[in-house]
Amino acid sequence: MEPFFAIAVGGLAAAAVYLMLSGELLRYIFGLVLLSNAANLAIFVSGRLTPGAPPLIPEGAYAPAGTVANALPQALVLTAIVIGFGLFAFALVLTFRAWTTLGTLEGDDMRVAEPKVTK
Amino acid sequence: MSWLLVAPLMLPFATAIAAYLAKGRAAGRWISIAGSALLLVAATLLLVEVNAQGVVAGQMGGWGAPFGITLVADRLSAVMVLITAIIALAVSVYALADIDTRLEQLGYHAIFNVLIAGVIGAFVTGDLFNLYVWFEVMLIASFGLLVLGGSPEQIDGGVKYVALNLIATVLFLAGVGLLYGATGTLNMADLSRAVEGVDPGLLSVIAMMFLLAFGMKAAVFPLFFWLPAAYHTPAFSVSAVFAGLLTKVGVYALIRCFTLIFDHDIGYTHQILLWVAGLTMITGVLGAAAQSDIRKILSFHIVSQIGYMVMGLALMTPLALVGTVFYLVHHIVVKANLFLIAGAVQRLAGSTELSRIGGLYKSAPLLALLFIIPAFSLAGFPPLSGFWAKFLLVKAAIGVEGWVIAGVALVVGLLTIYSMTKIWAAAFWSPHPEGRDTSLSQLSASDRRGLLLPIAGLAVITMVIGMAPDPFARFAEAAAADLLDPAAYVSAVLGEEQ
């Protein structure tokens with residue numbers, strides 16, 4: 001199971017880098033979403049993958065019987081998804097503002113704050 | 001004594017809520033100032049307690065370490081909290097004169113206090129994932145402050161700032177996940193023991209992810225490009241608090257992780273840090289030399305100064321860490337102050353572009369005096385605070401025969417003087433190109449107070465550190481000793497008797 005997830009994480013990261021290098025802001029933001037999902041998947045796998053073994057503790061015991069997945073990384077992933085969603089929403093609104101204020105989403109044309117030095 | 005740890009966190013949040021309820025009214029400003037003043041009291045109490053009792057730790061919600069979230073303050077954390085409170089107070093007083101009602105209406109004071117809460121949270125947390133959460137709090141508040149007002153420059157700078165900082169965030173998160181997968185814990189004190197069982201090669205890979213993530217936050221070479229793209233665009237209050245605090249949170253996280261967790265292969269990881277430090281100093285100072293706007297020059301100088309702090313961490317000797325701690329404290333005060341002065345220059349001369357201003361030595365001699373103190377301190381003139389900070393670091397470098405890095409540090413100091421004299425010559429000495437000579441007395445009394453009180457206050461701190469460096473150096477020495485031997489930190493967090 002883990003190799004499959006590892007390849008998925010790698011594939012997501014590769015697609016993310018490809019999008020982020022395109023030089024266009026909206027694609028960059030989409031790349032960022034893919035990259036954060038790659039990170040989330042990696043954390044998810046770090047807590048062990050055990051299909052069909054819910055992490056339940058039998059009555060009277062202190063630890064689950066047998067090998068089960070660690071629930072903490074899943075909680076971390078949930079937190080990270082919520083935070084990532086908030087940041088993505090902000091980034092999208094900022095992209096929209098950039099489009100209306102600057103009239104372009106091409107990274108190379110965004111020179112308002114750092115104008116080219118003309119000599 | 002966990003309330004001592006919780007108070008500096010809760011105060012800014014409470015202030016933020018109160019300020020939001022009063023937004024758009026004059027009360028908002030005063031709530032912000034009062035909140036910052038209370039924060040200063042709380043931070044002072046925490047520092048006194050930590051200095052007397054050693055590491056203070058508190059388990060939140062009664063969940064014992066390493067399972068719950070731990071708040072913990074050693075000397076380094078405590079002094080960073082105190083200096084954050086000082087900057088928060090200075091900037092909220094400055095905001096009286098700098099922030100107009102339009103920005104207040106948009107909730108400036110509330111977002112500012114959330115930013116402060118995020119910064120303090122990052123300093124006092126003892127849990128790696130919690131650190132990630134505080135970084136996010138800080139980040140989203142800084143996004144808001146950066147684009148508040150929405151001018152084209154701000155949007156443009158904001159895009160670059162947001163885009164690059166989000167990558168750092170994702171890298172940090174992935175690093176946290178991998179480290180948890182390898183060790184099964186996220187408590188930093190617990191991690192410092194748990195990493196002993198991990199394959200050193202794997203640990204070095206994870207360390208590099210953290211180096212990239214925190215390095216991007218700290219604006220080290222070659223990851224600093226978001227900083228000079230954005231820091232000159234927002235209101236002066238905002239860029240002062242960014243310049244003083246935000247990159248230093250990255251440096252703090254680097255120090256914490258690379259003394260507590262990733263000290264398994266110092267020959268490899270800290271050698272990389274040393275290269276990073278040297279290149280950061282050089283590129284920063286050369287970038288500054290090419291700029292002609294006060295805030296852009298100062299932004300590049302943040303980058304070059306970060307190099308000094310990382311240099312102390314990279315050398316990893318007791319004296320070098322003393323230098324780093326001393327440098328952090330000195331730098332935050334000086335850098336925030338220089339940005340505040342840039343705001344006063346803009347107010348009097350009408351711009352921060354060096355070719356369009358001048359004559360301030362004649363029209364505002366007091367401001368000229370107040371500029372000289374932090375500017376020369378930044379460059380490292382004795383007897384100001386920067387001299388001692390640089391002296392400690394260079395001495396540490398020579399002590400381990402790091403001639404190259406010591407040489408770099410000295411040359412970068414010289415080039416810093418070049419930039420500062422450039423600002424001095426253009427803004428203060430040469431006449432104003434349009435013959436404008438607004439003096440301080442032409443400002444309204446309340447504006448004058450708002451602009452000059454924080455600048456003078458921070459200048460006094462710089463002078464005091466410079467004239468009487470002994471108690472500060474002794475404190476830094478104790479802080480560095482804590483960092484090099486984390487046994488007390490670890491046992492305080494894990495609740496073991498020493």
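In which sense, left-handed or right-handed, does α6(B) pass α11(B)? The crossing is left-handed. The description below refers to a predicted model.

Two packed helices are described by the angle between their axes and the distance between the axes.

On the α6(B) side, the contact is formed by B:Leu128, B:Leu131, B:Phe135, B:Met138, B:Ser142, B:Leu145 and B:Leu146. Their counterparts in α11(B) are B:Val238, B:Phe242, B:Leu246, B:Val249, B:Ala253 and B:Cys257. By class, the residues of this contact comprise 12 nonpolar, one polar and no charged.

## Packing of α9(B) and α12(B)

The crossing of α9(B) past α12(B) is right-handed.

Here B:Ser204, B:Ala207, B:Met208 and B:Leu211 of α9(B) meet B:Tyr268, B:Thr269, B:Ile272 and B:Leu273 of α12(B). The contact of α9(B) with α12(B) contains six nonpolar residues, two polar and no charged.

## Interface of chains A and B

The size of an interface is often given as the accessible area lost when the parts come together. Between them, chain A and chain B bury about 2800 Å², with 79% of this area on carbon and sulfur atoms. Chain A contributes 31 residues to the contact, and chain B contributes 34 residues.

## Salt bridges

Over all chains, the whole structure holds seven salt bridges. One salt bridge is found across the interface of chain A and chain B. The pair that crosses between chains runs from B:Lys160, in helix α7 (residues 152-183) of chain B, to A:Glu114, in the segment after α3 (71-102) of chain A.

In this salt bridge between B:Lys160 and A:Glu114, the closest N and O atoms are 3.5 Å apart. The pair qualifies because the rule requires a side-chain nitrogen of Lys or Arg within 4 Å of a carboxyl oxygen of Asp or Glu.

Conventions. Residues are numbered from 1 along each chain as its sequence is written. Chains are lettered from A and ligands numbered from 1 in the order in which they are written. This is a predicted model: local features need pLDDT of at least 70, side-chain atom pairs count only at pLDDT 80 or more; totals for chains, interfaces and linings use all residues. Side-chain values use heavy atoms; hydrogens and water are left out. A crossing is left-handed if the near helix is turned anticlockwise from the far one by less than a right angle, and right-handed if clockwise. Helices (H or I, at least four residues) and strands (E, at least two) are DSSP runs, numbered from the N terminus. Contact means heavy atoms within 4.5 Å. Ala, Val, Leu, Ile, Met, Phe, Trp, Tyr, Cys and Pro count as nonpolar, Asp, Glu, Lys and Arg as charged, and the others, Gly among them, as polar. Buried area is the accessible area (1.4 Å probe) that two parts lose on being put together, summed over both.
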